[in-house]
Amino acid sequence: MILPTQRHLFDLPDDVTWLNCAYMSPQLHAVTEAGKEAVIRKARPWQVRPEDFFTESEALRGSFARLVGGDVEGVALVPSVSYGLAVAAANVPVRVGQRLLVLAEEFPSNVYPWRELAERSGGQVVAVRRPEDGDWTRALLAELDERTALVAVPHCHWTDGGLVDLVRVGARAREVGAALAVDGTQSLGALPLNVAEVRPDFLVAAGYKWLMGPYSQGFLYVAPRFREGRPIEHNWLLRGGSEDFSRLVDYRDDFQPGARRFDVGERSNFVLVPMAMEALRQLLAWGAADIQETLRALTERVTKGARALHLEVPPEPLRAGHLVGLKRRGGYAPEVAAKLAARKVFVSVRGDSIRVSPHLYNTEADVDRLLEELDALV
């Protein structure tokens, strides 16, 4: 269903038009309050019990598992996409001559780990060219064959929302024996994804955009076949028996079960974890499907107005509903985003597109204000 505006839940001044969730989400009042309480708690360390190093992070792990339809044993807590993909790169086997597929103009964090992996393994990173018809799925499937060791893709392209059918791509990857790594940073929380359907080997997401949480708190889902893999660091929390602080000097070779071995050190962050928990609680209450339907109505209004201004947008069936790029031949002058910001209308310029990314705090009036300002600029 279409959700009513939720602006009252956010700290947004009335005169600010924030259509830039793909850059960073505004903070829910409840998340801010959770952070304040957590900071005060940290000032009183006698209130932090040994079991708190485990219980709160386990609750967060469970909330993310519910969001993606996965099991809690498959979730690791990581600080960033680059960390999560470094875990993937440390465990995906690549033979000499094999190919690692990425999208053209992909976000750097989903490119650099694979370049390093290709260099040390003798593989080759191949960027799938941007399709003229906007069909990323077709373009990917055309390149995905027995030479492929890895497909590393987002659910939607970060510059313009171009959609990737992860179910079809994942099925083909399994047919040819390739691993599937998904960067869900620009989709999770606003676009439904079920790991039981997609079956990614690795799914990672930063938490400060569509997951509406704090910076430096992210998530990694790991498929069962990789859960016995090699972590990229060795911290005490990851080892078996770490709940017993009195026996930490009895060093152990075994790990905590499931994907917990891939958790970042100090994963029990006593400020970020409560904030992220509060953000996921609200997202689960709204529901990603209803968020997507609500935001699609707004981006379709953006699309209609942009075409009237002779701007190009990806075809509706081939893009996500929560994010749209407005492309202009020759691109935009560098100061376009700054000029809009000076009018308190906030978007991003990515590549040759203005990226518009609304959320539930936005209304049709916000879209119309953006289109009015764009008409004056372009």
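**Largest pocket.** I looked up the lining of the largest pocket in this predicted model and found 21 residues. Nearest its centre lie R130, P131, D160, E312 and K327. I sorted the lining of the largest pocket by class and got 10 charged, 6 polar and 5 nonpolar residues. For the volume of the largest pocket I noted about 410 Å³.

**Second largest pocket.** I then turned to the second largest pocket, with a volume of about 340 Å³. I found that 24 residues line the second largest pocket, and that F107, T185, A206, Y208 and K209 are the closest to its centre. The classes in the lining of the second largest pocket are 10 nonpolar, 9 polar and 5 charged.

**Helices α2 and α8.** Next I checked how helix α2, residues 52–68, sits against helix α8, residues 272–286. Their axes come within 10 Å and cross at roughly 30°.

I listed the residues that make the contact. From α2 they are E56, S57, A59, L60, S63, F64, R66 and L67. From α8 they are V273, P274, A276, M277, L280 and L284. I also took the classes for the contact of α2 with α8: 10 residues are nonpolar, 2 are polar and 2 are charged.

Technical notes. Residues numbered from 1 in each chain as written. Predicted model: local features only at pLDDT ≥ 70, side-chain atom pairs only at ≥ 80, totals over all residues. Heavy atoms only, no water. 1 Å grid on protein atoms, 1.4 Å probe; cavity = no way out; pocket = protein on both sides within 12 Å on 5 of 7 lines; lining within 4 Å. Points joined across faces, edges and corners; volume = space filled by probe spheres on them. Nonpolar A, V, L, I, M, F, W, Y, C, P; charged D, E, K, R; others polar. Axes fitted to C-alpha atoms, helices over the stretch in contact; angles between N-to-C directions. Helix = DSSP H or I, 4+ residues; strand = E, 2+ residues; numbered from the N terminus. Contact = heavy atoms within 4.5 Å.
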